[in-house]
Amino acid sequence: MQIDFASSRQSTLGVEWEIALVDRHTSDLRSVAEEVLAELNVRHGSLAIDEEHPHVKQELLLNTVEIVTGVCETVAQAKAQLHENLVAVREVTDPMDVDLYCAGSHPFAPPKLQPVTDKDRYAKMIDRTQWWGQQMVIYGVHVHVGLDSRAKALPIVDGLINYQAHFQALSASSPFWGGEDTGYASHRALMFQQLPTAGIPYHFPTWEQYESYVADMLHTGVIDDISEIRWDVRPVPRFGTVEMRISDGLSSLQDIGAIAALTQCLVDDMSTTIDNGGTIPVMPPWFRVENKWRAARYGMEAIIILNAAGDEMLVTEHLLQELVRLAPVAEKLGCSAELADVERIIKGGAGYQWQHKIASANNGNLREVVKDNVRRMHLA
């Protein structure tokens, strides 16, 4: 089969932010997404598309809405759009006594009790995946970056997977699951990969081999649509982008800006390398798997594998080196301030570290973890 890759301006970006709806009094999840979206349509009817506010959309669970940007030139522009749409959602949720929450998981809500959005594609997924599909009470931040050539898509997918541990450590915010401390910085990372076609992508040397893979998945009924390939990093042909889907949910626009800037800079740097005749290193698959596990387990304290030779370094030390290397790229793209926020996360702590701190200070009360997250969301 032939898969066309849309025309896109190099290094433009878009951001998707999955947000949970929680009860203001109990801190438990509230499955009121349909009511929220309906009211948004009343308030923003002139902007409605397919009966949805165009920048606030449905997700798998009725306790979730997704805020998305349009095509942005800069990270600052993307942050501004996210903030604008967050304000629109709060206009609806505040009178409902519903707060907005975002982390990789909700710390104590029972996963199997969360109602699923009434759509055929979601019902089919749950029916097929059973227990695993019923556990998907998880939230993430996805970053799209535009590519000016289809030939760059698969090499840059491989390139971003080389930084899987970096994104995972910075964003890790799902240490608790169903009221238990899992011992992982990101339980979400390992939970989500249980779905068919999720997890670490395969390496394809050519676009034609990728097309053959998609054709095989469609022919055998593994997927009904290319969007059901839910890799941690994937090409998105209809947008002409590469999409970084590694990150756990983030409660701060500053943190989202940092992740978006790091993604944009890495993609732009790799694009330049390809333009100049260079190649992007491909990590052996066993190192890809190990790096993901290490970052999910240890977060900021992960010792990661840097290359095919097996050289290792503390993930935060390598991140700091990369911030220096990418500084000229950030200046060119106008995201120097946002890229600098990566170091702020390293110094101030990732989400899982904040959650452990709050839980410890409140005798393990996980409702206080939710309330702290909601407070930080209000700073957005």
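Guide: Helices (H or I, at least four residues) and strands (E, at least two) are DSSP runs, numbered from the N terminus. This is a predicted model, in which local features need pLDDT of at least 70, side-chain atom pairs count only at pLDDT 80 or more, and totals for chains, interfaces and linings use all residues. Residues are numbered from 1 along each chain as its sequence is written, and side-chain values use heavy atoms, with hydrogens and water left out.

Visitor: Where is Val 89 found, then?
Guide: Val 89 belongs to helix α2, which spans residues 75-93.

Visitor: Is it buried or exposed?
Guide: Val 89 is buried, because its relative accessible area is 0%. Buried means under 20% relative accessible area and exposed over 50%, with partly exposed in between (1.4 Å probe, protein chains only).

Visitor: What does Val 89 touch?
Guide: Leaving aside residues up to four places away in sequence, Val 89 touches Val 36, Leu 40, Val 56, Ile 67 and Leu 100. Contact here means heavy atoms within 4.5 Å. The C-alpha atom of Val 89 is also separated by 8.6 Å from that of Leu 37, and the two residues are 52 residues apart along the chain.

Visitor: Ile 67 is in β3, I see. Which way does it point from that strand?
Guide: Ile 67 and Val 65 point one way from β3, while Thr 64, Glu 66 and Val 68 point the other way.

Visitor: Which strands pair with β3?
Guide: Strand β1 (residues 13-23) runs antiparallel to β3 and is joined to it by 5 bridges; Ala 20 stands opposite Thr 64. Strand β2 (residues 56-58) also pairs with β3 in the antiparallel sense, over 3 bridges, with Lys 57 opposite Glu 66. Two strands pair if DSSP finds at least two bridges between them.

Visitor: How many residues separate β2 and β3?
Guide: There are 5 residues between β2 and β3, and the two strands form a hairpin.

Visitor: Changing topic: where does His 106 lie?
Guide: His 106 lies in the loop between β4 (98-101) and α3 (120-129). Its relative accessibility is 2%, so His 106 counts as buried. Beyond four places in sequence, the residues that His 106 touches include Asp 28, Tyr 101, Tyr 139, Phe 176 and Val 370.

Visitor: Which backbone nitrogens lie by its side chain?
Guide: A polar atom of the His 106 side chain lies 3.0 Å from the backbone nitrogen of Ala 109. For the backbone nitrogen of Phe 108, the distance to a polar atom of that side chain is 3.3 Å.

Visitor: And helices α10 and α11: at what angle do they pack?
Guide: Helix α10 (residues 315-333) and helix α11 (residues 336-348) pack at about 170°, with axes 9 Å apart. The two helices are therefore roughly antiparallel to each other, a term for angles over 145 degrees. Among the residues that meet are Leu 319, Leu 323 and Ala 327 in α10, and Leu 339, Val 342 and Ile 346 in α11.

Visitor: Where does pLDDT stay under 50?
Guide: pLDDT, the predictor's confidence in each residue from 0 to 100, stays under 50 over residues 46-53. Where pLDDT is low, the predicted coordinates should not be read in detail. The mean pLDDT of the chain is 93, and 97% of its residues reach 70 or more.

Key: A polar contact is a pair of N or O atoms within 3.5 Å; within protein, one must be able to donate a hydrogen and the other to accept it, and residues adjacent in sequence count only if both atoms are side-chain atoms. Axes are lines fitted to C-alpha atoms, for helices over the stretch in contact, and angles run from 0 to 180 degrees between N-to-C directions. Angles under 35 degrees count as roughly parallel, over 145 as roughly antiparallel, 65 to 115 as roughly perpendicular and the rest as oblique.
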